Amino acid sequence: MSELMKLKLAEARDALRSGKITAVELTDASLAAIDSSKPLNAFVHDTSEIARAQAIAADERLQAGEAPDMCGLPIGIKDLFCTNGVTTQAASAILDGFKPQYESTVSKKLFNDGSVMVGKLNMDEFAMGSSNETSVYGNAVNPWKVDDRDLTPGGSSGGSAAAVAAETCLAATGTDTGGSIRQPAAFTGITGIKPTYGRCSRWGIVAFASSLDQAGPVTKDVRDAAIMLEAMAGFDAKDSTSVNLPVPNFEAALTGDIRGKTIGIPKEYRVDGMPDELETLWSDGTSMLRDAGAIIKNISLPHTKYALPAYYVIAPAEASSNLARYDGVRFGQRAKLEAGDGITEMYEKTRADGFGAEVKRRIMIGTYVLSAGFYDAYYNRARRVRALIKRDFEQVFSDGVDAILTPSTPSAAFGLGEMAALDPVKMYLFDVFTVTVNLAGLPGISIPAGLDSKGLPLGLQLIGRPWEEGDLLNTAFTLENALDFNAKPNKWWI
Amino acid sequence: MSIDTKTAARVAKLARIKVDEADLPALAQEFTNILGFIEQLNEVDVEGIEPMTSVTPQRLFRREDVVNDGNQQDAVLRNAPDAREGFFAVPMVVE
């Protein structure tokens, strides 16, 4: 059974189409693997009944021929995606018991293609966190382990990354507002891509910061990312920021030929305290791209340093507005009220009980920066700085750069609980290399590059031009081939 | 900028999140730390730069102004903590 779970999406697709395996076998193998992965706490809602029904339907489609790529493939869905009739909590107590009466566009597209939902996945509450520790379900655990400590799988898509790295499902959906796909992928030795803003519909995904949020796949390799992203992407009239452009065949873009492409290496992404192994991997990756025929160019993105502070104005501001809807009236939980409590007390108690500490902190910071007298000084200034960050990228792209190579994170995964005593700002710094990409709306992919001195995975990030995911995936594919990373965690949890 | 407990209480009120009096000093300190981090933005020369409203250079498209959904009262009320007679129920708002 577990041999099946070693398959990649592309391999499983081909085996399904040739009739070597069935979707039911694959789904049973996934459900069994999930069952034995409880210590990872990656899966938080059981959807095995739905999965079995979807697998039977997928087998029928496969037998009839003409099945889409994703048909019959068992995937996990992040708890941020509204799934029809299936508990969707965004890992928050305030949405305890919430069963959407509709399906998010992205999950609907995946199911229409025949994908099998084997469970809902753990995450940081409302996707606010970088370690999966703000979840109401408790943290997910990284399958990678090198000593007694349990490590974070990263966040916010920590459950997605842990589940895929542990080979309990073949791929998973994630969302990325400041690095929430790429950072967990880097921490768990797998691949994750955040597409261009507007490529995937946000409809039915619980909103955190609407101008930054994008869905994307968390997969075992670049080819799988290409296959799954194509299934997730596309225009949707229900999301006014989704863009009406054709979705190319991303897998067909994987030629492995990047001769003549220009790769930028930004000097601002070399930060103090970066481990030597990361420096080495970054320069090795650069050499590999050069050896593959790319032109390497040193570039400058001068406003990089201001991306995190700008993000910590814009994202909380949007969150404070988006999360105003959790008021104890239409969905989720309402706090127990005392005699004489009016509607204001209902709001205040419901939100005090239902939101966790980090979510409250961000809502209140957002409220503050949007409040009268501070709007210009904080919110408008941050939006101006955001325009400059985007302009930095536009300038290097107009100078002929096709993609930018950086580390994905400033270090490998840290121990769960290690950041708790520190200032929240320390945790924010883990997104230093990923957050710029959200602010500029660009596509970014993290691929596993190697191990640090302790034996933990490190990732490299490639950032592409807007709407050029195919080109970006091809560069990542070329680098992946050269890096030849194939280390896997020991299955200590079984 | 240092945030005092009075400001912290005002922000909590605006955000409709109940914060106990005893927790206000710690909250004010957290705000101070985070705003201190944010204040790096003051170093940037933003003269003449328009605040970004949309990261993609497109106007939001408009849908046809037609009814395309509706008649879903049950589905809309299904998740309400308190729904009665086809309405959301809340504590009394007017005397």
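**Exercise 1. Find which residues of α8 in chain A are buried, then check what follows the helix.**

Step 1. Go along α8(A) and pick out the buried positions: A:V222, A:R223, A:D224, A:A225, A:A226, A:I227, A:M228, A:L229, A:E230, A:A231 and A:M232. Keep in mind that you're looking at a predicted model.

Step 2. α8(A) spans residues 222–232, and eleven of its eleven residues are buried, so the helix is mostly covered.

Step 3. Now step off the end. After α8(A) comes A:G234, with a positive phi near 135°.

**Exercise 2. Work out how enclosed α6 of chain A is, and what covers it.**

Step 1. Count first. Helix α6(A) covers residues 158–165, and eight of the eight are buried, so the rest of the structure largely encloses it.

Step 2. Name them: A:G158, A:G159, A:S160, A:A161, A:A162, A:A163, A:V164 and A:A165.

Step 3. Look for the cover. Strands β1 (43–46), β2 (74–78), β3 (116–121), β4 (171–176) and β6 (214–219) of chain A are included, along with helix α7 (182–187).

**Exercise 3. Describe how α3 packs on α4, and how α9 packs on α16, in chain A.**

Step 1. Decide what to report: two packed helices are described by the angle between their axes and the distance between the axes.

Step 2. Take α3(A) (residues 23–35) and α4(A) (residues 48–64). Their axes come within 8 Å and cross at roughly 155°. An angle over 145 degrees counts as roughly antiparallel, so that's what α3(A) is to α4(A). The crossing is right-handed.

Step 3. List who touches whom. From α3(A) you have A:A23, A:V24, A:T27 and A:L31; from α4(A), A:S48, A:A51, A:R52, A:A55, A:I56, A:A58, A:D59 and A:L62. Sorted by class, the contact of α3(A) with α4(A) has eight nonpolar, two polar and two charged residues.

Step 4. Do the other pair. α9(A) (residues 276–291) and α16(A) (residues 469–483) pack at about 110°, their axes 10 Å apart. The range 65 to 115 degrees is roughly perpendicular, so α9(A) and α16(A) fall into that class. Their crossing is right-handed.

Step 5. Five of the residues are nonpolar, one is polar and none is charged.

Step 6. Check another residue of α9(A). A:R290 lies in this helix, and with 12 C-beta neighbours inside 10 Å it counts as exposed.

**Exercise 4. Which helix of chain A gives the most to the side that touches chain B?**

Step 1. Get the totals: 58 residues of chain A contact 37 residues of chain B.

Step 2. On the chain A side, α10 (307–322), α11 (343–354), α12 (357–370), α13 (375–398) and α14 (424–428) each supply at least two residues.

Step 3. Pick the top contributor: α13(A), with eleven residues.

Step 4. Sort that side of chain A by class: 29 nonpolar, 14 polar and 15 charged residues.

Step 5. Finish with confidence. The model scores ipTM 0.96 and pTM 0.97, and chain B has a mean pLDDT of 93.

Conventions. Residues are numbered from 1 along each chain as its sequence is written. Chains are lettered from A and ligands numbered from 1 in the order in which they are written. This is a predicted model: local features need pLDDT of at least 70, side-chain atom pairs count only at pLDDT 80 or more; totals for chains, interfaces and linings use all residues. Axes are lines fitted to C-alpha atoms, for helices over the stretch in contact, and angles run from 0 to 180 degrees between N-to-C directions. Helices (H or I, at least four residues) and strands (E, at least two) are DSSP runs, numbered from the N terminus. Angles under 35 degrees count as roughly parallel, over 145 as roughly antiparallel, 65 to 115 as roughly perpendicular and the rest as oblique. A crossing is left-handed if the near helix is turned anticlockwise from the far one by less than a right angle, and right-handed if clockwise. Ala, Val, Leu, Ile, Met, Phe, Trp, Tyr, Cys and Pro count as nonpolar, Asp, Glu, Lys and Arg as charged, and the others, Gly among them, as polar. Two residues are in contact if their C-beta atoms, placed from the backbone, lie within 7 Å. pLDDT is the predictor's confidence in each residue, from 0 to 100. A residue is buried if 20 or more other C-beta atoms lie within 10 Å of its own, exposed if 12 or fewer, and partly exposed in between; C-beta atoms are placed from the backbone.
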